[in-house]
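Have the viewer open as you read.

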Amino acid sequence: MTSSPFDFRGYRVVIAGGSKGIGRSMALAFAASGAAVSICARGQAALGDTVYAIAKHGVPVHSQSCDLGHAAAIDAYIDQAAQSLGGIDVLINNATGYGPGDGDDAWLADFNVDLLAAVRASRAALPHLAASPHASILHTSSIAGLHPRPGTPVYGAMKAALCHYASSQALQLAPQRIRVNAIAPGSIEFDGGLWDRCKREDPSRYATVLAKIPFGRYGTPEEVAHAALFLASPWASWITGQTLCVDGGQQLNG
């Protein structure tokens, strides 16, 4: 993205889980709009590549390796991000522990990364957000949290909990003028992502899902990033406690 209709100059945006896919696109979209950006992830290679791409926009950038499944690591990251950027205006919780299975390990992994990491990062960022004149929190949920998911019950349950948390958190933080919203993407395709792999490894499943998307194609990470720009901007100043689906009508077909 080389230009943006939004102006985020002066904003400090922190993205927990920002080196690949949707998180990377969000980071680049905010950078293209003038924001200072901090991202974290576990993989150093992807983190470095994304930092390089952000820096091309000429904005301040901070990055840190962080395992979002651990409370101490989250606290350290948020603290360093706030110090580096000079505060936090927008917090985006974008991480997922997505995986198959229904065992205790799968439940704990998704609970720690999809839900509890968002809670912990929000808690750590709250003093900085409270000092911002245009504070907001965005959680990346999924349309999987809006309908039964027999194939991935863990992921669906955690994303449903995240949507509920977003609305409760919005009510809790409204007196401090901190807006909270969630974005629920549908099936998003990008290089190295779930649906890119599925296209090669399980083409019949890829085709089945594609057939349920009314627009006849998978979504792109940039389209989710555009929703994030809007929800974090002054144009959404009277929107809080909502979950915005970005799915090309996919959930309309169940």
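How many nonpolar, polar and charged residues are in the lining of the largest cavity? Before the answer, one caution: this is a predicted model.

**The cavity**

The lining has 8 nonpolar residues, along with 3 polar and 2 charged ones. A search through the whole structure turns up 1 cavity of 30 Å³ or more, and the largest cavity holds about 70 Å³ of space. Its lining is made of 13 residues, and those closest to the centre are Asn93, Asn94, Ala95, Val113 and Ala118. Two elements give two or more residues to this lining: helix H4 (104-130) and helix H5 (153-173). H4 has the largest share, with 5 residues.

Now for open space. The second largest pocket contains about 320 Å³. Of its 16 lining residues, Ala135, Arg177, Arg179, Ser237 and Trp238 are the closest to the centre. Sorted by class, the lining of this second largest pocket comes out as 10 nonpolar, 4 polar and 2 charged residues.

**Helix pairs**

Two packed helices are described by the angle between their axes and the distance between the axes.

| Helix pair | Axes come within | Crossing angle |
|---|---|---|
| H1 (residues 21-32) and H2 (residues 44-55) | 9 Å | roughly 20° |
| H1 and H8 (residues 221-232) | 8 Å | roughly 50° |
| H6 (residues 194-201) and H7 (residues 203-211) | 6 Å | roughly 125° |

Start with H1 and H2. Their axes cross at roughly 20°, which makes H1 roughly parallel to H2, since angles under 35 degrees count that way. The crossing is right-handed. On the H1 side, Arg24, Ala27, Leu28 and Ala31 do the meeting, and their partners in H2 are Asp49, Thr50, Ala53 and Ile54. Taken by class, the residues of this contact are 5 nonpolar, 1 polar and 2 charged.

H1 also packs against H8. Here the axes cross at roughly 50°, so H1 is oblique to H8. This crossing is right-handed too. From H1, the contact uses Gly21, Ile22, Ser25, Met26, Ala29 and Phe30, while H8 brings in Pro221, Glu222, Val224, Ala225, Ala228, Leu229 and Ala232. The contact of H1 with H8 divides into 10 nonpolar residues, 2 polar and 1 charged.

What about H6 and H7? Their axes come within 6 Å and cross at roughly 125°, and the two helices are therefore oblique to each other. Trp195, Cys198, Lys199, Arg200 and Glu201 in H6 meet Pro203, Arg205, Tyr206 and Val209 in H7. By class, that contact has 5 nonpolar residues, no polar ones and 4 charged.

**Back to H1**

Arg24, Ala27, Leu28 and Ala31 are where H1 meets H2, whereas Gly21, Ile22, Ser25, Met26, Ala29 and Phe30 are where H1 meets H8. H1 is roughly parallel to H2 and oblique to H8.

Notes. Residues are numbered from 1 along each chain as its sequence is written. This is a predicted model: local features need pLDDT of at least 70, side-chain atom pairs count only at pLDDT 80 or more; totals for chains, interfaces and linings use all residues. Side-chain values use heavy atoms; hydrogens and water are left out. On a 1 Å grid over the protein atoms alone, a cavity is a set of points where a 1.4 Å probe fits but cannot get out, and a pocket is an open set with protein on both sides within 12 Å along at least five of seven lines; lining residues have an atom within 4 Å of a point. Grid points are joined across faces, edges and corners, and a volume is the space filled by probe spheres set on the points. Ala, Val, Leu, Ile, Met, Phe, Trp, Tyr, Cys and Pro count as nonpolar, Asp, Glu, Lys and Arg as charged, and the others, Gly among them, as polar. Axes are lines fitted to C-alpha atoms, for helices over the stretch in contact, and angles run from 0 to 180 degrees between N-to-C directions. Helices (H or I, at least four residues) and strands (E, at least two) are DSSP runs, numbered from the N terminus. Angles under 35 degrees count as roughly parallel, over 145 as roughly antiparallel, 65 to 115 as roughly perpendicular and the rest as oblique. A crossing is left-handed if the near helix is turned anticlockwise from the far one by less than a right angle, and right-handed if clockwise. Contact means heavy atoms within 4.5 Å.
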